[in-house]
Amino acid sequence: KSRVYQLSVKTNRWNEDDNLNYSHAYPKRLPAEVLYDAIYAVTGATRRLPGLPAGYRAVQLPDSAVRLPDGFFNLFGKPPRESSCECERTSGVMLAPVLNLINGPTVAEAIHDPNNRIAKLVRTIKDDEELVRQLYLAIWARFPTPEELKVGVEAIRGAFQEELQARRQELAQYEKTQLPKRFQTWLKEVQRQIPWTPVEVLQARSSAGAELKVLEDGSVLATGKRPPKDTYILQLGQVPPGATGLRLIVFSDPSLPAKGPGRADNGNFVLNQLRLEVVLPDGKRQKVAMLRAKATFTQQGFSPVQAIEDRVNSRRGWAVAPRFGQRHAAVFQFAKPLQLPQGAKLELTLVQHWGAAHTIGRFRLDATTASGKLTPEAPALPQAVAAVLKKPQKQWTDQDRQVLLDHYKNQVDVQYRQMRKELAEFEKQAGQARLRGAQDLAWALINSPAFLFNH
């Protein structure tokens, strides 16, 4: 006589063959409209029935005129309403409905809605076991058993977690064993090199109307108008006291013709003159004399030495044909170390009068205090790093060593940077994999008798 007993579909050896006395209930699949609404209710996705407002429920449909692209309602037995008899409705589970649940768009769209309950649970619940419990509560209205919880957590984590842990251990091992050795090797090399320090460009303007934009890395990019001839006037920031030379680096850039480094159609430029002047507080100017110039690459007949001549010659200067789309550098050594009077400023002028837009597209400036003949190949070092390297190694503090180590890890060690980049990208993928695992678990719960026959 118990209602709970009579409505249970579970049988025992006394009533398993009873078809007369209502001793147990018979499993009956959810009707088509109810099943559709249930799928969207438990996943928290927005219903989108054709021709109806978003959120409209399938059980509100007045007739059979509304059809889903995959024929969901028809497949699951929604009657065509050709008569007034509900006997038109079917509730069986045959191959077509099963395949629709497995790979049909109705279930897939509900599960993969980026704003549904599953996605929100993944974003807000970081504990995998709690995430599995909440998915069971949402879809089956009960907590998982210990075995179900174990399987659910495995689905959430997947193989990504094992590989993620392996990658983290690999990076930690590299930091422990390889990085210290490479760091010491770099220290020996860099102490033998010419130390270059980036020079900040405070203001940059074009005499012919091009737009000079200072980028985050300190380089200057020419955009906008592309005049045939141009002169760049640059107001420079502080340079190291006693600077002995200036280095001009020209870069390839996808925004430039033939990827630059010049703005000519073929990517070339011609620097006719480089002129550095000290602007005193009273407005008077003193030209900084240049001793020599050298470049990493020089076009035949176009040497950077021609760019430090007193007189501008539009047919002479530094150029880099045919090596377009590459990075090049030229160093200009001062006749004597530079000492700026109190309140004085530095102004650099780049004259480019060849014509046909043979102007520099992207460039950066470095300075050095090294003595002897300067070469342009050594990498520029931040002022904080250069300041540490100037001191005897015995005077380095723990903070000094950390400055050098941070610079080496973040700027020098290509393998270390690549490993960190790949780990960061994999961590993002692992986050997406967690969502996919939760979606797979939700899909499995929806495709189970506990959901399809749940009343």
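The model is predicted.

Five strands make up an open sheet: 5 strands in the order 2-5-11-7-8, with antiparallel pairing. Strands of a sheet pair through backbone hydrogen bonds. Strand 2 (201-206) and strand 8 (285-287) stand at the edges. Each has a single partner strand, so one side of each lacks a neighbour in the sheet. Neighbouring strands of this sheet are turned against each other by 25° on average, direction ignored.

Is strand 11 mostly covered or mostly uncovered? It is mostly covered, with 7 of its 8 residues buried. Strand 5 (residues 230-236) pairs with strand 11 in the antiparallel sense over 7 bridges. Within that pairing, Leu236 has Leu346 of strand 11 as its bridge partner. Strand 7 (residues 273-279) also pairs with strand 11 in the antiparallel sense, over 7 bridges. Here Leu276 stands opposite Leu348 of strand 11.

Strand 5 has a further pairing, with strand 2. These two run in the antiparallel sense over 5 bridges. Ser206 has Tyr232 in strand 5 as its bridge partner.

**Two helix pairs**

Helix 7 (residues 128-140) packs against helix 8 (residues 146-157) at an angle of about 110°, with the axes 9 Å apart. Angles of 65 to 115 degrees count as roughly perpendicular. Helix 7 is therefore roughly perpendicular to helix 8. The crossing of helix 7 and helix 8 is right-handed. Helix 7 brings residues including Leu131, Leu135, Tyr136 and Trp140 to the contact. Helix 8 meets them with residues including Leu149, Val153 and Ile156. By class, the contact of helix 7 with helix 8 divides into 8 nonpolar, 1 polar and 5 charged residues.

Helix 10 (residues 383-390) and helix 11 (residues 398-412) form another pair. Their axes come within 9 Å and cross at roughly 130°. That makes helix 10 oblique to helix 11. The crossing of helix 10 and helix 11 is left-handed. Ala384, Val385, Val388 and Leu389 of helix 10 make the contact with Asp400, Val403, Leu404 and His407 of helix 11. This contact of helix 10 with helix 11 has 6 nonpolar, 1 polar and 1 charged residues.

**Backbone details**

Most residues other than glycine have a negative phi, and most peptide bonds are trans. Where does the model depart from this?

| Site | Feature | Value |
|---|---|---|
| Ala141 | positive phi | near 60° |
| Ala356 | positive phi | near 55° |
| Gly260 and Pro261 | cis peptide bond | omega about 10° |
| Ala321 and Pro322 | cis peptide bond | omega about 5° |

Ala141 is in the loop between helix 7 and helix 8. Ala141 is exposed, with a relative accessible area of 61%. Ala356 is in the loop between strand 11 and strand 12 (362-368). Ala356 counts as exposed at 55% relative accessibility. Pro261 lies between strand 6 (243-250) and strand 7. Pro322 is found between strand 9 (290-295) and strand 10 (328-338).

**A surface residue**

Glu109 belongs to helix 5 (residues 105-112). Is Glu109 buried or exposed? Glu109 is exposed, because its relative accessible area is 53% and exposed means over 50%. Glu109 and Glu162 are 53 residues apart in sequence. In space, they are 29 Å apart, C-alpha to C-alpha.

Methods
Residues are numbered from 1 along each chain as its sequence is written. This is a predicted model: local features need pLDDT of at least 70, side-chain atom pairs count only at pLDDT 80 or more; totals for chains, interfaces and linings use all residues. Side-chain values use heavy atoms; hydrogens and water are left out. Axes are lines fitted to C-alpha atoms, for helices over the stretch in contact, and angles run from 0 to 180 degrees between N-to-C directions. Helices (H or I, at least four residues) and strands (E, at least two) are DSSP runs, numbered from the N terminus. Angles under 35 degrees count as roughly parallel, over 145 as roughly antiparallel, 65 to 115 as roughly perpendicular and the rest as oblique. A crossing is left-handed if the near helix is turned anticlockwise from the far one by less than a right angle, and right-handed if clockwise. Contact means heavy atoms within 4.5 Å. Ala, Val, Leu, Ile, Met, Phe, Trp, Tyr, Cys and Pro count as nonpolar, Asp, Glu, Lys and Arg as charged, and the others, Gly among them, as polar. Buried means under 20% relative accessible area, exposed over 50%, partly exposed in between (1.4 Å probe, protein chains only). Two strands pair if DSSP finds at least two bridges between them.
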